[in-house]
Every structure is written in C-alpha cells, then in structure tokens.
Amino acid sequence: MAFDIDTFAGDSVAIGWGDLDLDAFRTDPLPERTLRTLRYMCDVEFHTVCYLRDMLVTPSHTDGDVSTFMTMWNREEYWHGEALAAVLRVHGITVEFDQVKANRMKVGWKDRLDPIKQSLLGNIVGKDFIAVHMSWGAANERSAAAGYRRLIALEPHPALTPLLKRIAQQETRHIAFYTTQARKRLEASGRARAITRFALSRFWGPVGSGVMPEEEVDHVMTHLFSGEDGLREVRKLDEQIAQLPGLEGLAIMRDAFARRGLIPA
Amino acid sequence: MSAGAFDVLAYSADAQGSHRSELTGVGLPLPEPLRTELGYLRSRLSGTTAWLSLVLVTPTHKNARITAFLSGWAYERYWLADALDALTAEVGAPPAVRVGLRARFAPLVEAVLANLHGSALPAVHMAERAVDGVLLDAILGHSIGRASGPVAADLERLRRVLARQQAFFTEEAGRLLASSARARRLSRRRLTARAWPIGADDDPVRTAAVLTALSAADAAWARRADDRIAELPGLAGLGIARRSAANPGRPVLRTTLRPVVALGRLVASAVRRTG
C-alpha cells in the first residue's frame with residue numbers, strides 16, 4: 001500500500017461537525033453505556049499528545065516523513081477529541097482543558113518515567129526502534145478504527161453515525177501510514193523484526209490502557225468487542241497485524257483481552 | 001490561576017494550512033542574501049518536533065490548553081516553512097537533521113530534570129517561544145524590507161500568522177511568569193543558557209550571517225527586541241538580543257563553571273523538594 005506523505009499533509013483537516021444536527025441527541029439521547037464509551041474515546045483522542053511524546057524522544061522524529069505525519073496526525077486526533085466532546089456536551093457532560101489536565105495528572109510516576117524509559121530504549125536500540133513505534137501505531141490505529149466501526153454498528157443514530165464515520169475515515173489514513181512504515185522497516189531489518197515482535201507480544205494493550213482507569217478500559221472493550229461480531233473484529237485486527245513481516249502468528253489483541261480476563265485464555 | 005483570554009479552540013479550528021495558492025511571489029528571482037535569510041527562517045520555523053521532544057517530556061505536556069494550542073501551532077509552522085520553500089524554490093527533502101549525541105540525549109536529560117523543576121517549566125517553555133518569536137519577527141521584518149512587492153506581501157501574510165502565535169505565547173508566558181517567582185528565576189537562568197533563535201546552536205554559521213546582516217541594516221534592532229522581551233514579567237535586563245547579535249549561535253551567557261553551577265543548583269533543588 002503506497003502512502004504519499006505530501007498528499008496526506010495537503011489533505012489533512014480538522015474534522016468538522018457543523019453540518020450535523022447534534023440537537024438530535026436532545027430528543028434521541030445516547031444511553032449511559034454508550035456515553036461512557038464515548039467519554040473514554042474522547043479522553044484517549046485528547047491524550048494523543050502523550051503518544052506523540054513517547055515517539056519524539058526516540059529517533060523517530062528525525063525522519064522527515066514521520067515528523068510530517070506526526071504533525072498532521074496529532075492535530076487530527078485532537079479534533080477527534082473535540083468532536084466527541086461536542087456530542088458529550090449535548091448530553092450535559094463537559095470535557096474542559098482543566099479536566100483533561102487533571103486526568104493527565106493522575107497518571108503520576110508512570111507518566112514521568114515513560115519518556116525516560118522510551119528515550120533510553122530509543123538510544124540503545126537506535127533506528128530499529130522506529131519499527132516498534134510504527135507497528136505499535138498500526139495496531140493502535142487499527143484497534144481505534146475497529147472501535148469506531150463497532151460503535152457505529154451498536155448505536156445507529158442520525159447524528160452519531162456520520163460523525164463516527166468521518167473519524168474512522170481519518171483513522172484509516174493513519175493506519176495506511178503506520179502500516180506502510182512498519183512494513184518497510186520490518187522488511188529491512190531482522191533486528192527490527194525481533195524487537196518489534198518481542199515488544200508487541202509482551203507489552204501491547206488496547207488503546208487507552210495505561211492512561212485510563214482499568215475499569216474504564218474493561219467497560220469499553222467489553223461494550224465494543226464482546227459477542228460474535230466483536231470477536232470477529234478482534235480476530236480481523238490480529239490477522240492484519242500478523243501479516244507484517246516478522247509478526248506472523250501473533251494475536252496481540254486476543255492475548256491482551258485474555259490477560260484482562262475478558263475472553264478465555 | 002485563570003485561563004488566558006486567547007481563544008485556543010478558535011485558533012486551533014482556524015489554524016492556517018497551505019499558503020501556496022495565495023502566494024503571489026512564487027517564481028520571482030530573489031537576491032542571494034534574501035534567499036539565505038529566508039532559508040534560515042525556514043529552518044527555524046520547521047524545527048518544531050525537536051523542540052516538542054524537549055517540551056513534552058516535562059509537565060508542560062500535562063497542560064491541556066498548551067498542548068491543544070501546540071497541535072495547531074506545529075501544523076501552522078509546517079505550512080509556513082512550506083511557503084518559504086515555495087518562495088525560495090526549494091525542492092526535495094529539507095537538509096537532514098543533525099542528530100549528534102547531545103541532540104539524541106537531550107530529551108532524556110530534560111525528562112530527568114523535569115522531575116526536579118516540575119511545575120515551573122511550562123512558564124519557561126512559553127517564555128522560550130515568546131523570546132524566539134520576537135527574534136524571528138525582527139529577522140522577518142528585515143526580509144520584508146529587502147523583498148520586492150509581491151514577495152514582501154507574501155512575507156507579510158506569513159508574519160500575520162506568526163503574530164497570532166506570538167499573542168498566545170506572550171499571554172501564556174506573562175500569566176505563568178507573573179504567578180511564580182520560581183518560574184521567573186528558572187526562566188532567567190535557562191533563557192540565558194541557550195543560543196538564540198531556537199536552533200541557532202545547531203546552525204551557528206548561518207545564524208552569524210543572518211544576525212550580522214540584521215545588525216548592519218538596523219543597529220537598533222537588538223535594543224527594540226530586548227525591550228519587547230523585558231515586558232515579560234521577570235525578564236527585564238537579560239539582553240538576549242544584544243548578546244546574541246554580539247555572539248551569534250552561542251549561549252547568551254557563557255561560563256566555564258556552568259556545569260558545576262548547574263549541578264549545584266540541581267542538588268539544592270532536590271534537597272529543597274525532599275526537605
């Protein structure tokens with residue numbers, strides 16, 4: 001899959017929702033369970049800057065294409081957060097800067113040590129570490145897009161569905177970048193394949209884990225990925241990641257769900 | 001502390017993307033000194049990820065208002081650099097980023113230091129950008145004076161984008177510095193320990209050429225820039241522009257004892273925090 005970074009940058013826009021009738025939520029509000037999932041998604045989108053930080057402390061940012069992508073990606077994800085916050089606002093749930101800040105403050109020492117850990121690893125491993133980030137990003141973006149697809153299926157709504165489709169469409173472009181980068185770097189280096197396989201199989205978790213409270217992670221994963229249709233999405237994501245060079249046979253999402261006790265091991 | 005008046009949401013929604021379709025000076029010949037100066041500005045404007053790698057490892061990344069602004073800011077800077085590429089007819093990839101040991105380990109060192117300096121760092125980072133904005137504006141003003149009509153009009157357009165960014169950094173720095181004596185002390189120390197504009201230490205030869213040309217054309221530029229910087233709380237009398245013009249590409253204040261002094265300050269800071 002070819003990816004043209006200049007086209008991506010030129011087409012990058014803040015997602016819009018001005019043409020959608022969000023007042024439809026006043027007469028047809030979303031149920032509590034869905035609002036809780038949307039709040040999680042909103043917070044995770046706002047926390048993109050934390051993922052950006054982890055990449056910037058490694059050699060990843062010195063690559064021109066990666067740097068351009070991260071600039072556009074960070075802004076697009078931020079606006080995903082704002083779009084979801086607009087939906088929550090109609091339901092009387094406000095997500096202000098101070099609340100996002102408060103959530104980031106809660107992460108505590110882990111958050112302080114993460115950049116140190118990432119920077120050390122990045123400097124020890126060198127350029128091959130970029131393959132880990134690109135593969136990790138591919139898995140994260142695929143799981144986010146799968147989450148949006150599942151929510152569209154579970155909660156058809158005249159205002160929510162088009163908004164989530166717009167977000168999922170941008171996530172698809174992010175997947176294309178990460179997957180192209182990951183494939184290229186994994187193909188080029190046996191060391192990158194070994195390190196990436198080790199990192200993803202041992203440490204990858206659903207997007208938002210490590211940042212959001214554990215009970216919220218479990219709620220969202222259960223809400224979106226339980227049942228036969230949900231598990232089909234899990235298998236699909238695992239199959240796509242396992243197609244990357246050196247990652248054959250991995251089932252990172254199924255394993256992450258099993259570790260959380262959400263599906264049998 | 002109350003949030004500032006700058007509307008971050010409106011800014012981010014309205015962040016300026018590609019300027020290419022609006023530029024009128026593309027393809028016009030540029031005198032070589034102007035080309036050099038615009039190439040230098042392009043490098044300073046595009047160095048966002050290197051700076052963000054130092055800022056986001058600190059408590060600044062917890063401040064959602066600042067990170068929201070920075071998402072639009074980095075986007076705008078990308079397209080400002082692209083506009084300068086168009087005007088100077090630069091094609092292909094920009095020069096490779098030099099990644100020496102210092103640059104590789106800088107985020108690691110900053111992440112460790114952040115645990116000692118803590119909440120004072122957002123003020124430092126905002127002040128850094130406010131000071132940088134004053135210096136870049138002086139250079140850009142000089143470029144506009146040298147440029148022909150259409151190119152000058154294009155550069156004025158870019159200057160307006162930078163002015164809006166500067167409004168945020170000035171307001172945010174002013175607010176954060178005014179509320180903390182510790183932030184003011186730390187800012188004074190760190191602002192004088194680095195070369196200006198941001199990125200100048202990796203680009204000393206071009207920095208010297210650009211600042212020397214600026215001083216030759218307008219001997220008072222540094223005083224005016226320092227006067228603007230002095231309006232920020234606690235930053236009077238630093239002489240950043242004047243000293244940078246005298247020693248381009250070098251830290252504002254240099255001392256062979258700096259590492260020893262820095263270590264002493266770190267130890268004292270750690271003792272204060274644990275005590």
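Student: Hi! How many helices and strands does chain A have?

Tutor: Chain A has 13 helices and zero strands. Helices here are DSSP runs of H or I with at least four residues, strands are runs of E with at least two, and both are numbered from the N terminus. Bear in mind that this is a predicted model, where local features need pLDDT of at least 70 and side-chain atom pairs count only at pLDDT 80 or more, while totals for chains, interfaces and linings use all residues. Residues are numbered from 1 along each chain as its sequence is written, chains are lettered from A and ligands numbered from 1 in the order in which they are written, and side-chain values use heavy atoms, with hydrogens and water left out.

Student: What percentage of each chain counts as buried?

Tutor: For chain A, 60% of the 265 residues count as buried. For chain B, the value is 51% of 275 residues. Buried means under 20% relative accessible area, exposed means over 50%, and partly exposed is in between, using a 1.4 Å probe and protein chains only.

Student: Let's talk rings. How many aromatic pairs are there over all chains?

Tutor: The count is 23 aromatic pairs over all chains. The rule takes rings of Phe, Tyr and Trp (its six-membered ring) with centres within 6.5 Å; planes under 30 degrees apart are stacked, over 60 edge-to-face, and the rest tilted. One of the pairs is A:W73 with A:Y178, which is edge-to-face, with 6.0 Å between centres and 85° between the planes.

Student: Which helices do A:W73 and A:Y178 sit in?

Tutor: A:W73 is in helix α5 (residues 64-90) of chain A and A:Y178 is in helix α9 (residues 160-188) of chain A, so the pair ties together parts that are 105 residues apart in sequence. Both A:W73 and A:Y178 are buried.

Student: What's the geometry for A:F225 and A:F257?

Tutor: A:F225 and A:F257 form an edge-to-face pair, at 5.9 Å centre to centre and 70° between the planes. A:F225 belongs to helix α11 (residues 214-225) of chain A and A:F257 to helix α13 (residues 252-259) of chain A, so this pair ties together parts 32 residues apart in sequence. Both A:F225 and A:F257 are buried.

Student: How many residues of helix α3 of chain B are buried?

Tutor: Helix α3 (residues 48-55) of chain B has six of its eight residues buried. Among them are B:W51, B:L52 and B:V55.

Student: New topic: how many cavities of 30 Å³ or more are there?

Tutor: There are two cavities of 30 Å³ or more. A cavity is a set of points on a 1 Å grid over the protein atoms alone where a 1.4 Å probe fits but cannot get out, and its lining residues have an atom within 4 Å of a point. Points are joined across faces, edges and corners, and the volume is the space filled by probe spheres set on the points.

Student: What volume does the second largest cavity have, and which residues line it?

Tutor: The second largest cavity has a volume of about 50 Å³. Its lining includes A:L52, A:M70 and A:N74, as well as B:T49, B:L52 and B:A74. The largest share of that lining, four residues, comes from α5 of chain A.

Student: What about disulfides, how many over all chains?

Tutor: The count is zero disulfides over all chains, with the rule asking for a pair of cysteine sulfur atoms within 2.5 Å.

Student: Is A:C42 buried or exposed?

Tutor: A:C42 counts as buried, because its relative accessibility is 0%. A:C50 also counts as buried, at 10% relative accessibility.

Student: Last one: what is the peptide bond from B:W196 to B:P197 like, cis or trans?

Tutor: That peptide bond is cis, with omega near -5°. B:P197 lies in the loop between α8 (181-192) and α9 (204-217) of chain B. As background, most peptide bonds are trans.

Technical notes: On a 1 Å grid over the protein atoms alone, a cavity is a set of points where a 1.4 Å probe fits but cannot get out, and a pocket is an open set with protein on both sides within 12 Å along at least five of seven lines; lining residues have an atom within 4 Å of a point.
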